[in-house]
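Me: I would like to go through this model slowly, asking at each step what a word rests on. Please set each value against its cut-off before you conclude anything.

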Amino acid sequence: MEKTKTVIVACGTAIATSTVVAKSIEEACKLAGIPVFIKQCKAAEVPSYASSADLIVTTTPLPANLGVPVIQGLAFLTGIGKEQTLQQIVETLKEG
Amino acid sequence: MDAFLTSLKGIIDALGATVLLPVLIFFFALILGAKPGRAFRSAVIIGVAFIGINLIIGLMWGALTDVAQAIVKNTGITRDIVDVGWPSAAAIAFGSNVGLWVIPIALLVNVVMLALRLTKTLNVDIWNFWHFAFTGSLVVAVTGNLFMGIVAAALVAGFMLFFADWTAPAVQKFYNLPGISIPHGTSAGYVPLAIPLNWLIDKIPGLKKWDADPETIQKKLGPTAGDPMILGLIIGIVLGVIGFLKMGTVDGNWQGFIVNVLKLGINLAAVMVLLPRMVSILMEGLIPISEAAREFMQKRASKREIYIGLDSAILIGHPAVISAALLLVPIAILLSVILPGNRILLFADLAVIPFVIAIFGPLTRGNIIRMVIIGTFTLIIGFYVGNALAPLMTQAAAAAGFAMPEGAALIISIADGFIWLPLFFVFLAQNLGWAGMGLLLVLLAALLFFYSKNAKKWEVMAGGPTE
């Protein structure tokens, strides 16, 4: 059994846009067979959760140097480049 | 036949948003091309979310009504309009008669305006169509005319596309978001107010160059003002002490005092955590329909330059916005105490302040002090707008089937109950009826016309790049 990966999804409120992103990642990881735990949070909370995460996906600006890979999740909202971003996320999780 | 129609209408009226909205969402998702299984599941989730939201609103409304009554009785201070927050406003708006129609109507407005080249924005942020329905449902509350409410919602959708286009270059440059615009009800409409205020600050020597450091502010205020749960707990305890103190000092019932205060604290902390979770469930239900709508719209949009319209939530991670919003939380609470004539007890929407100020970022070049000053003025105006709109919002909530506690306080929310646009619409609808709607259409046309004549100048005015 592979180790469960933790993905933090950050947006302005931890409610609206991050739910869209979280659901897409959940579906993609299920397909790729990666066990994943997704935590939604607000941008301001990211630094306190960062140490426990394997990956951060965000739809809003974040501070630099979190020590964890950060992927821009705007594609999930605009629909443009969504597949590439999902692929990038799956690959990052497989490597890590 | 008549009997059949009457009983059908009776059934529809009795079902309410928890059943009716899922049914409509299901068929609408199918029309837009979503798969039946997915459409069905998301329709059911939406019904479930409405039940969850209704439960939490009941808890909050009851707790806040009790303490508001206690405060009036024991201190003579009248704060009998309670702030139930944007999640409640969104649920009321989507659960209203206008909310049932707002998604197809707003999509239609967008398609028509794109085809006529009146806008560059393709608004894929289906979730935030609730802002349009909110104003529409208030218009229905004041006129009793559903059709006028739907027309009002369509007009708000048009105004938001205009604001989104107008502010797009500023937003794209400052937040580094190429191709994005923000047709968001709580943010976009504040630009006309912020421009003159920012100009005024430029004229005041000394104030002009004043700024603050975002990191210090976030470190000092973040743990309390930035955490809704802790904020809810503190507000609950403070309100409880104010409201129930006489229970101890006059009646000698200190046991009752302590129980009441602590219970209120934990109840309001619970609301701050649970209400957003419920809305997140509603959001989950809307995903298939918003994906289908996005594909539907993108297929029909032409190849020319298009902005994708998104939620202003994508802006508010910016350090200047976070910091200015943190500073505005205590200011907003202070305003709710000192503003003469105010009846609003601020609570759930203290978390929404970043949305209110996000659009000031480019205009002030991220200057925190300026954002706080402009934000304070916006809030002061907002309080009076909110006091005026509260009876209508309460009426709209009742019409949408939300359970009111006995002797209920009136309700309001900062988003969008503190915003001039709904009040402006309601005022015109009430006093001029259809002529008011006509006037709004003329105003929108005039704005679009003058903007298109001199787009660059308008965009620079809103904080856009000059080159």
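Me: What is the mean pLDDT of chain A, and what share of its residues reach 70 or more?

Reply: This is a predicted model, and the predictor's confidence in each residue is given on a scale from 0 to 100. For chain A the mean pLDDT is 84, and 97% of its residues reach 70 or more.

Me: Where in chain A is confidence lowest, and where is it highest?

Reply: Confidence in chain A is lowest in helix α2 (residues 46-49), where the mean is 82, and it is highest in strand β3 (residues 55-58), where the value is 91.

Me: Why is the pair K82(A) and E291(B) called a salt bridge?

Reply: The rule asks for a side-chain nitrogen of Lys or Arg within 4 Å of a carboxyl oxygen of Asp or Glu. Between K82(A) and E291(B) the N to O distance is 3.2 Å, so the pair meets the rule and counts as a salt bridge. In general, side chains of opposite charge can pair when their charged atoms come close.

Me: What makes this pair a link between two chains?

Reply: K82(A) lies in helix α4 (residues 82-95) of chain A, whereas E291(B) lies in helix α11 of chain B, and therefore the pair joins two chains. K82(A) and E291(B) also belong to a network of salt bridges that includes E27(A) and R38(B).

Me: Are K82(A) and E291(B) buried or exposed, and how do you know?

Reply: Buried means under 20% relative accessible area. K82(A) has 16%, so it is buried, and E291(B) has 14%, so E291(B) counts as buried too.

Me: What makes R370(B) and D202(B) a link between distant parts of the chain?

Reply: The closest N and O atoms of R370(B) and D202(B) are 3.0 Å apart, and the two form a salt bridge. R370(B) is in helix α15 of chain B and D202(B) is in helix α8 (residues 191-203) of chain B, 168 residues apart. R370(B), at 8%, is buried, whereas D202(B), at 33%, counts as partly exposed.

Me: How do you know that L389(B) is buried, and which residues is it in contact with?

Reply: L389(B), in helix α15 (residues 368-399) of chain B, has 1% relative accessibility, and because buried means under 20%, L389(B) counts as buried. Leaving aside neighbours within four places in sequence, its contacts include L138(B), I412(B), I419(B) and V426(B).

Me: Why is S323(B) called buried, and what does it touch?

Reply: S323(B) is found in helix α12 of chain B. Its relative accessible area is 0%, and since the cut-off is under 20%, S323(B) is buried. Not counting residues up to four places away in sequence, S323(B) touches P214(B), I217(B), Q218(B) and I368(B).

Me: What is the volume of the largest cavity, and which helix gives the most to its lining?

Reply: The largest cavity has a volume of about 180 Å³. Of the 16 residues that line it, those closest to its centre are V20(A), V124(B), D125(B), M283(B) and S290(B). Helix α11(B) gives the most to this lining, with six residues.

Me: How does the lining of the largest cavity divide by class?

Reply: The lining of the largest cavity has 10 nonpolar, two polar and four charged residues.

How values were computed:
Residues numbered from 1 in each chain as written. Chains lettered and ligands numbered in written order. Predicted model: local features only at pLDDT ≥ 70, side-chain atom pairs only at ≥ 80, totals over all residues. Heavy atoms only, no water. Helix = DSSP H or I, 4+ residues; strand = E, 2+ residues; numbered from the N terminus. Buried < 20%, exposed > 50% of the residue type's maximum accessible area, 1.4 Å probe, protein only. Contact = heavy atoms within 4.5 Å. 1 Å grid on protein atoms, 1.4 Å probe; cavity = no way out; pocket = protein on both sides within 12 Å on 5 of 7 lines; lining within 4 Å. Points joined across faces, edges and corners; volume = space filled by probe spheres on them. Nonpolar A, V, L, I, M, F, W, Y, C, P; charged D, E, K, R; others polar.
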